[in-house]
Amino acid sequence: MSDGGERPNKWIALFSSCYMCVVAGGIMYGWPSLLLMLQAEGQYAELCVDVPAPCAAQESLYHWIWTISSSACLASNLLTGLLLDALGPRFSATVCSLLVLLGCALIGVHDSRTCNVLQVGMVLISAFGPGVQNACVHTSNLFERRSTASSMIIGSFNLSYAVFLILELISRTTGATRHDLVLGYCALVVGACVLAFVVMPAKPFSTRTRTDAERLLAGDSASPKQSSPQAAAATLAVGRARRETLVTVLLSEAPLHHQVMSSPFLNLLVWTTIAMFWMNFYIGTVASRLGHGGSVQIVGAHRREAFIELFNLLSPAGVIALPFIGYIFDRVSFSLGLLVTTVFGALFAALLLVPSEATLVGAWVAYTLFRNCAFASLFSTLTHFLGFQNLGVLVGLTLLVSGCVSMFQPLIIKLIDMDLMGQYTYVNYFMFGSMLCLFYFPAWAFFREQRMKRTDSTDSITIATVSYTHLTLPTPPYV
């Protein structure tokens with residue numbers, strides 16, 4: 001927010017942000033419920049030649065649609081982050097909400113035989129839904145306890161996972177079609193577009209007029225006087241001596257390239273990439289897990305849909321942990337918040353290794369807690385170490401890498417179908433080992449906190465700045 005610019009009522013901005021995130025943020029994560037509606041309608045059943053639906057070709061296409069959509073969700077954060085940092089929360093939130101509205105409309109009119117636009121619609125809601133959240137997270141800078149406020153916004157984003165679940169339940173109980181329900185839901189997304197334009201501020205909260213020192217750090221060492229025509233003419237008679245100066249600045253105020261190469265960002269990048277890969281992989285495979293050899297032996301084929309609905313119902317329930325995790329980040333210890341989040345992830349992976357209904361449901365509870373806390377940890381870590389000035393770009397870079405790595409998911413699915421006979425046991429063991437590796441990040445954060453307490457230091461970085469000293473050239477003797 002500009003120092004001298006408009007400052008919206010923080011509570012109106014917060015609750016408007018929560019509404020926008022609920023109706024236009026993470027609705028793509030309700031994919032398993034949308035998948036049930038599509039399968040009930042027989043979408044893409046024409047792929048099942050001489051075999052009853054659902055068949056392998058149909059499920060393979062559905063998983064490919066999810067893989068592209070989930071990767072677009074992560075990779076697009078760089079684009080929406082640049083949009084946010086350059087043009088502000090109002091423009092970013094409005095444009096992203098409008099594109100989510102378009103995506104919902106395409107999903108509503110989709111028909112695999114006559115109007116095959118499901119993939120386009122899923123990519124739109126996946127790529128630009130998180131852009132709504134990123135713009136709304138700036139609202140937390142209006143509050144003293146930023147992690148608590150951002151946790152409310154992220155929790156609202158996660159509540160949107162239930163949108164397609166609610167629509168699927170309405171469809172089953174009333175007989176309403178997906179076409180009517182999704183197009184009717186577009187009216188709520190229109191409300192998010194209006195709030196984005198009316199309530200959100202025009203400029204990012206961290207934007208402010210650069211001081212002379214900041215101009216120097218940016219490489220713009222010329223003062224207004226030096227850039228005048230008279231000064232330009234005077235430089236014909238002078239030379240310039242280059243001088244480098246070491247300057248210590250807060251890491252949150254350092255230039256972008258220094259923040260990207262800092263140890264907090266690189267550690268967060270690895271932690272987030274591993275976490276996002278397995279979180280999205282599980283959502284994309286939960287239906288096939290319950291339809292193949294592994295979990296179907298636990299729940300039974302006739303209870304498959306009931307368990308998928310249970311998973312969809314539990315997915316947004318993890319928001320109950322966000323006030324708790326926000327309190328830990330704000331008032332107890334930053335490293336403890338990361339540790340609690342990582343424990344949820346390891347517990348989720350460990351419970352999947354035990355074949356029973358109780359442990360399966362327990363794994364889903366741990367999964368939703370892990371997913372909700374992981375997003376809160378991402379934003380809390382970035383704002384804690386690196387501030388708000390480059391938040392959009394840093395979030396975008398982090399999730400762009402995560403999205404690129406997620407494109408390897410189909411290779412794992414192919415391995416499972418061809419070589420592992422549809423079994424996920426070995427994949428679950430590999431996921432558990434990956435989750436154990438995530439404990440490195442909270443351990444690193446803990447020792448960093450302790451070192452800073454001992455030395456009474458702050459998160460700062462020493463960088464080299466370049467300045468020029470003007471030297472008058474010797475005057476040639478007159479003849």
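Predicted model: local features only at pLDDT ≥ 70, side-chain atom pairs only at ≥ 80, totals over all residues.
**Exercise 1. Determine which residues Ser-92 touches, leaving out residues up to four places away in sequence, and whether Ser-92 is buried or exposed.**

Taking contact as heavy atoms within 4.5 Å, and not counting residues up to four places away in sequence, one finds that Ser-92 touches Thr-80, Leu-83, Leu-84, Gly-131 and Ala-135.

Residues are numbered from 1 along each chain as its sequence is written, and side-chain values use heavy atoms, with hydrogens and water left out.

**Exercise 2. Describe the surroundings of Gln-259.**

Gln-259 belongs to helix H11, residues 256–260, and at 0% relative accessibility it counts as buried. Its contacts, again not counting residues up to four places away in sequence, include Phe-265, Leu-386, Gln-389, Asn-390 and Leu-394. As for Leu-382, its C-alpha atom is separated by 9.9 Å from that of Gln-259, although the two residues are 123 residues apart along the chain.

**Exercise 3. Classify the ring pair of Trp-31 and Trp-66, and then that of Phe-446 and Phe-447.**

Rings of Phe, Tyr and Trp (its six-membered ring) pair if their centres lie within 6.5 Å, and planes under 30 degrees apart count as stacked, over 60 as edge-to-face and the rest as tilted. By this rule there are 26 aromatic pairs. For Trp-31 and Trp-66, the centres are 6.4 Å apart and the planes stand at 25°, so the pair is stacked. Because Trp-31 lies in helix H2 (residues 31–41) and Trp-66 in helix H3, the pair ties together parts that are 35 residues apart in sequence. Trp-31 is buried, with a relative accessible area of 2%, and Trp-66 is likewise buried, at 0%. For Phe-446 and Phe-447, the centres are 5.4 Å apart with planes at 70°, so this pair is edge-to-face; Phe-446 is partly exposed at 38%, whereas Phe-447 counts as exposed at 55%.

Methods
Helix = DSSP H or I, 4+ residues; strand = E, 2+ residues; numbered from the N terminus. Buried < 20%, exposed > 50% of the residue type's maximum accessible area, 1.4 Å probe, protein only.
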